Amino acid sequence: MEQQEKKGLTMRILDWIERVGNKLPHPVTLFAIFALMVVVASWIFSTMNVEVEDPATGETLQVVNLLSSDGIQYMFESMVENFVGFAPLGTVLVTMLGIGIAERSGLISAMLRGLVTSVPRSLMTAALVFGGIMSSMAADAGYVVLTPLGAVLFAGLGRHPLAGLAAAFAGVSAGFSANLLLTSLDPLLGDLTIQAAATIDPAYADTILYTMNYFFMIASVFVLTIVGTLVTDKIVEPRLGDYKGGVEEEVNYLSPLEKKGMIGALIAFIVTIGLLSLLVVPSWGPLRNPDDFLASPFFHSLVPVILIMFFVPSYVYGKITDEIKNDKDVANQMSDTMASMGIYIVLAFTAGQFVAYFNHTNLGKVIAVSGAEFLDSIGFTGIGLIIAFMFVAGFINLFIGSSSAKWAIMAPVFVPLMMQLGYSPELTTLAYRIADSTTNIISPLMPYFAIVIAFAQKYDKKVGIGTLISTMLPYSIAFFVIWTLMLLIWMLTGLPIGPGAGFEYNG
């Protein structure tokens, strides 16, 4: 009791979040519960004869009862199709084949170490944050490689190792959605957005590209790098004070063989881009659309493009460094990658049922139209609505760590709702990505949170959940505020957030 009284309000709130979050079911179970809730809700609302007018067609929409004879038949007959047809399933698995080779061949690890060990001392913090942000190409590598490496580098420079760990962790996790390249997250969230938008306007949904947020995310890399650097140097490291732990670290620089492999990978990457450009640039290119580049087959083939652009350089790197000796090694590395995706495949089964039930029952459209009419009647629209949505998404992120799991729950409700109010699905997705990323580093339920604590305890045995959260909170607040301001400025200037992607929906 005495210990409880000594805790401040912030720590008591964080303790409550941890307790509540730990009691939540596994995401697989959670989606099964949600699917069951949709079934029950469809029965309740259908018996109440709830209906709305579809603004797009003028037709009257009624809730379809899944507990009727036809509804039960639908659930049994569509179960396999709901699983196989779950939009992000194939997209993620194909993309991860290429990223998995890059990770298991050692290329991503070498790239991260090469980046942060080849910059001047004065730019070390910025290099760590930048490297962390870019590591979202393969998030696991960022947590496992860059976070402990940040501590090692800072210790080797006589700086506080926990400040280096915090800078890297902030980049990896809080800047997760930003990147100079497309990552597996873009098509993963994109498919869910397209599926949700199609419930309101299928024709518009067909025009949505995986690159919908690309311009904004490129700019975000540089903005977040500056913000993360300032927070580390001006707030976090001064608060930590001088390090007196006495742990000596040896920086693991790139070996000559790894450098040779990276040169080979770079050459392979350039050659790959050149060959792929032949499919798009020439007038005879099979992936070219001379009338509308954004509508070209190339933009609708980004998943295989990402696969090829990761696979070829990674294969060359692995051959040079002897991590890949023959085709069996490639097959085994791909197999290991797919094995690590087992839980995602199981998640896709229950999530697929939930999404399919939600769409089939018309609950998504009914909620969207009713919710839009309510928000419009009370005048809660515009920038205030966007910010409120971001707070909701960030709060939910404290309890559910998986970005795709949350968006699979939220997209069917919020994408159509925002469309009814005139906001594009691309904007809604972008607002979600900002909120989701910035609260990752203060969620005790984030899968790698415990691992980061273990890394930190190497330098300070007293580090616990409260220590790490209090250290990372300035990053979370700063990233959220600056990223939100950046979004508002972008909206006011009317700049596109991605190729062919704006803020307004005029369906």
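Buried means under 20% relative accessible area, and exposed means over 50%. The model used in these exercises is predicted.

**Exercise 1.** Classify Phe216 and Trp490 as buried or exposed, and describe their ring pair.

Solution. Start with accessibility. Phe216 has 0% relative accessibility, so Phe216 counts as buried. Trp490 has 13% and therefore also counts as buried. Next, the geometry: the model has 14 aromatic pairs. In the pair of Phe216 and Trp490, the centres are 5.0 Å apart and the planes stand at 70 degrees, an edge-to-face arrangement. Last, the location: Phe216 is in helix α12 and Trp490 in helix α22, so the pair ties together parts that are 274 residues apart in sequence.

**Exercise 2.** Decide how the rings of Trp407 and Tyr432 are arranged.

Solution. Planes under 30 degrees apart count as stacked. The planes here are at 25 degrees, with centres 4.5 Å apart, so the pair is stacked. Trp407 belongs to helix α19 and Tyr432 to helix α20, so parts 25 residues apart in sequence are tied together. Trp407 is buried at 0% relative accessibility, and Tyr432 is buried at 0% as well.

**Exercise 3.** Check the length of helix α19 and locate its bend.

Solution. Helix α19 covers residues 403-420, which is 18 residues. Of the 18 residues in α19, 16 are buried. Just after the helix, Gly422 has a positive phi of about 95 degrees.

Notes:
Residues are numbered from 1 along each chain as its sequence is written. This is a predicted model: local features need pLDDT of at least 70, side-chain atom pairs count only at pLDDT 80 or more; totals for chains, interfaces and linings use all residues. Side-chain values use heavy atoms; hydrogens and water are left out. Helices (H or I, at least four residues) and strands (E, at least two) are DSSP runs, numbered from the N terminus. The expected span of a helix is 1.5 Å times one less than its number of residues. The bend at a residue is the angle between axes fitted to the seven residues ending there and the seven starting there. Buried means under 20% relative accessible area, exposed over 50%, partly exposed in between (1.4 Å probe, protein chains only). Rings of Phe, Tyr and Trp (its six-membered ring) pair if their centres lie within 6.5 Å; planes under 30 degrees apart count as stacked, over 60 as edge-to-face and the rest as tilted.
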